[in-house]
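The sequence and the structure come first.

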Amino acid sequence: MELIAFAVSGILLVIVIIKYILYRRQIVNICRQMVFIMENNTNRIISNDIIEKEVLELTGLINLMCEEHKAKENILREKDKQLKAAMAGISHDIRTPLTSLRGFFELLENENDTKKKRDYSKIIDGKLIELTELLEELFTYTKLQNEDYVLELGEYDFTKIVLGTLFSFYGIFKEKNIEAEVDIDEGPAIVTCNDVAVKRMLSNILKNAILHGSGNISITYKTGNGRVEFICKNKVDNPWEIDISQVFDRFYKADAARTKGSTGLGLSVAKELAGRMEGEINASVENDMFIIKFVMPL
């Protein structure tokens with residue numbers, strides 16, 4: 001009996017030693033594979049030679065971690081690519097009015113005709129406003145990316161904000177020969193919001209319609225059912241070029257050639273502001289109409 005017990009113990013010891021050796025080899029093999037993956041930036045996954053629950057679980061977790069790391073790396077690479085393209089675009093957008101300003105200032109200095117001087121001054125003033133708006137949009141977007149930034153809220157009459165914003169665009173509509181079809185509920189509607197933020201949101205929506213639309217603009221403002229609803233519709237020439245899934249992304253422009261002056265931040269800023277005031281904003285395309293809908297709870 002003792003001999004049998006000794007033999008069994010010996011066999012068990014051999015099995016344990018063999019398993020130890022196999023586990024050790026597998027760990028060394030996994031380490032080698034990980035070094036190879038890190039040095040070669042490959043999509044290869046860790047494989048194992050022995051089928052044991054613990055080893056399979058270990059390699060599975062390592063492969064999952066590698067996949068998550070690769071996914072994050074791809075996202076960062078894409079964001080870096082977008083940021084570089086966006087910065088190049090913004091540089092172009094800012095440089096264009098600056099170049100125009102320089103030219104018109106030279107013309108103004110060398111001009112003696114009073115009427116032409118007045119015309120040049122008006123153009124220069126317009127270019128300065130355009131440049132200020134570009135920089136202000138970029139500043140607002142940057143500010144909203146700070147998680148510590150707090151948007152102060154209060155109770156305001158949303159209807160007054162809407163009417164005031166629309167009135168401020170009257171001159172622009174007239175100058176560009178745009179007819180605004182307006183359907184407004186003029187009764188008071190008290191909303192918890194930031195009045196400056198709402199004005200910027202509505203302005204960005206209207207500017208987007210003016211800049212990228214190709215005709216008249218339809219504006220609807222309704223109150224009821226515990227909410228206020230602002231809808232802006234404008235006709236577009238090539239509706240199939242608009243990617244609705246990206247409309248509110250930073251720096252997105254359906255106008256890839258950048259022939260129209262904007263940072264591509266207007267609707268992105270509007271969405272950020274809406275979210276901070278418990279509002280909702282969405283976009284859609286119906287036939288040849290681009291539609292922005294903004295809703296806030298009363």
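K293 and E229 form a salt bridge whose closest N and O atoms are 3.4 Å apart, a salt bridge being a side-chain nitrogen of Lys or Arg within 4 Å of a carboxyl oxygen of Asp or Glu. This pair links distant parts of the chain, with K293 in strand β7 (residues 289-297) and E229 in strand β5 (residues 227-235), 64 residues apart; strands are DSSP runs of E with at least two residues, and helices are runs of H or I with at least four, numbered from the N terminus.

The model is predicted, so that local features need pLDDT of at least 70 and side-chain atom pairs count only at pLDDT 80 or more, while totals for chains, interfaces and linings use all residues. Residues are numbered from 1 along each chain as its sequence is written, and side-chain values use heavy atoms, with hydrogens and water left out.

E229 also meets R227 in a salt bridge, and the structure holds eight salt bridges, among them these:

| Pair | Closest N to O distance |
|---|---|
| K293 and E229 | 3.4 Å |
| D185 and K222 | 3.7 Å |

E229 counts as buried at 15% relative accessibility, whereas K293 is partly exposed at 27% (buried means under 20% relative accessible area, exposed over 50%, partly exposed in between, with a 1.4 Å probe and protein chains only).

Turning to the pocket, the lining of the second largest pocket has six nonpolar, four polar and four charged residues, where Asp, Glu, Lys and Arg count as charged, Ala, Val, Leu, Ile, Met, Phe, Trp, Tyr, Cys and Pro as nonpolar, and the others, Gly among them, as polar.
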